[in-house]
Amino acid sequence: MIKGSAIEEKPWQLSIQVDQKHGDESMKFKLSVTGDLHIGGLMLKLVEKIKTQQDWSDHALWWEQRKCWLLKTHWTLDKCGIQADAFLRYTPQHKPLLLQLPNMKTIRMTVSFSSMVFKAVEEICRILNIRRSEELSLLKPPEDWSKRKKKKDKNSPEEDIWDIWDALNVGQGGTGPMYNKTMTATYDPENGMPMSATSLWFGENPLAESQPNLPPAELSKIYKPLSHVDKAENNGGWLDSARSLMEQDIQDDDKLLLRFKYNVFFDLNPKYDAVRITQLYEQARWAIMLEEIDCTDEEMLMFGSLQYHICKLTMSTEPLENSSEPEIDEVEAALSNLEVTLESGHTDRILEDITDIPKLADTLRLFRPKRLTLRPYKEYWFVFKDTTISYFKSKEAASGEPIEQLQLRGCEVVPDVNVTEKKFGIKLLLPVADGMNEVYIRCDNETQYAKWKAACILASKGKTMAYSSYKTEVKNIQSFLQMKSLAPPPGQATPDLDAMEMNAECFVSPRYSKKHKTKQLTARILEAQQNIAKLSLMEAKLRFIQAWQSLPEFGINYYIVKFKGSKKDEILGISYNRMIRIDMSSGMPVTTWRFANMKQWNVNWEIRQVTIEFDQNVVIAFCCVSCDCKVVHEFIGGYIFLSTRSKDQNETLDEELFLKLTGGQE
């Protein structure tokens, strides 16, 4: 008995700091504990010693030195590895956080600092009424932006921060969300259209309203041309989705950016996504205004006219929330009909006539880029059938063997258009073993371009022109070209410049506004706006988003990497469907690899190297310079995860699959 008591563990002192809510002063305690005490028992012992009557249910233990939460309450101190030198904090799991939304407005809300970021963003989006939270994440502000904010003049006006909890009057920890994923739409029995709109469910929501454009002077203060290197450094700020905010050194009232991270916007529905569509429009608008994405002068003017139209409708005194707007209903009826057709499984409705797949045949011009050439286009007779383009020397030669056949399945279709200059080109990036081959096709007019581009888009997805969506695609392209046209519709009177009460310079980037006088810019925006004057507010936002998505650089996130075997740093662009190797000095693409051709990828966590294997034994390996390789690994896995979504599923996410694809084996 004496021997047994001699080896019995002696109690030791453990230091714990108790953090209070609402900024009250923290308290420090020393508890006498043994290694076999479990975490739950430690918290109980602590609360008994505090002797303060309050709700401690949201508190948990945080281990300061290891930067980890002790959430497994059945684990003992020995199992956790906690000894006398450990410093623990008994702190609330939900803490205040400043979030800058895509519309650049900042809100304060209480967020879980103990859940992994993936779950925290899901909670944030549920409160803000944004569906498909998997498309968003949290981004650290750029360092120079943070420094600029700290140096701000003390006399300058404080930033307008909206406290979301006061506004919503909901409970602690996100227990009263504005949006409930169990809500389902009700449908009119006569026309089959949804009856319950977002506004009817939730009332007025300020997050669904577009923000007014900044005056040119204020816009120029935040405008900063970004190189590929700048963009790469900014993209390194994405938080790790598999770790909590506290584990990533985020503190109370720190500021983070809530942004759409993955550029695949699934199931956008105007009836139920008022906030989501508006915030997506705002992110697109700021990307254009701050030139975070390149666009032509013609496209900038188109975006400016859409912004003016949206701003005009938002400021209008006429009620906009009426869900029975004919323009919206007609568009949604067509979309709903197409959706039902595609999902019904009746192949006789999907295909117009399976025995006679349509084909296109016409004279077009072709160019294959080679070094030291002046890009001469040559005329050929083109035939488009199934998912293949064949071209011949002439129409008469079409009965023989083609000069070449272009297999479009898995290719990338990029517009090369300038409506003002009557330039209607299509750039095709065709997948080959070591990357992509470029082919340029030039059409003669808008109608020809719309038909051929629509066929190319379907063929890239493995579909033919027999699909009913072909005609819809042609109409969408024609509508987009009309929107880009600066010429007013036939019979339309010349716009009155005095009718524009807003400064035209508010709707274009500072660099573009310097190219034109204010009167000239006003006239061009008003002329372009006449082409879209009949669009409703929601339809105009969707058109803006679609136009943004059509830009060649849309959705590409840049990172500085060093490829295995190379001595110099290079840029790696990652999009939803491909990876692009870019020369840092020239900014020109070197090689493109598509995710569709990827066989597997893995990370060597010891040397932080990403290795990817593609079809035909193509293997690439690189180390990340501008960020941790986990950020790039998560982007690749995240896009593959999002590609598994389907409308058959409910909105419950497969969290386990997401972590498996993005979490790695660190």
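In the predicted model, Leu61 has Tyr90 as its bridge partner in strand E5. The strand to which E5 is joined here is E3, and the two, covering residues 59-63 in E3 and residues 87-92 in E5, run antiparallel and are linked by five bridges. Leu61 also stands opposite Leu70 in strand E4, a strand formed by residues 68-70 that pairs with E3 in the antiparallel sense over three bridges. Between the strands of the E3 and E4 hairpin lie four residues, and in this hairpin Lys67 adopts a positive phi near 50 degrees.

Strand E3 is mostly covered, with five of its five residues buried.

Helix H11, made up of residues 297-315, and helix H17, made up of residues 518-529, have axes that come within 8 Å of each other and cross at roughly 75 degrees. Because angles of 65 to 115 degrees count as roughly perpendicular, H11 is described as roughly perpendicular to H17. On the side of H11, the contact is made by Leu301, Gly304, Ser305, Tyr308, His309 and Lys312, and on the side of H17 by Leu521, Arg524, Ile525, Leu526, Ala528 and Gln529.

Key. Residues numbered from 1 in each chain as written. Predicted model: local features only at pLDDT ≥ 70, side-chain atom pairs only at ≥ 80, totals over all residues. Heavy atoms only, no water. Axes fitted to C-alpha atoms, helices over the stretch in contact; angles between N-to-C directions. Parallel < 35°, antiparallel > 145°, perpendicular 65-115°, else oblique. Contact = heavy atoms within 4.5 Å. Buried < 20%, exposed > 50% of the residue type's maximum accessible area, 1.4 Å probe, protein only. Pairing = 2+ DSSP bridges.
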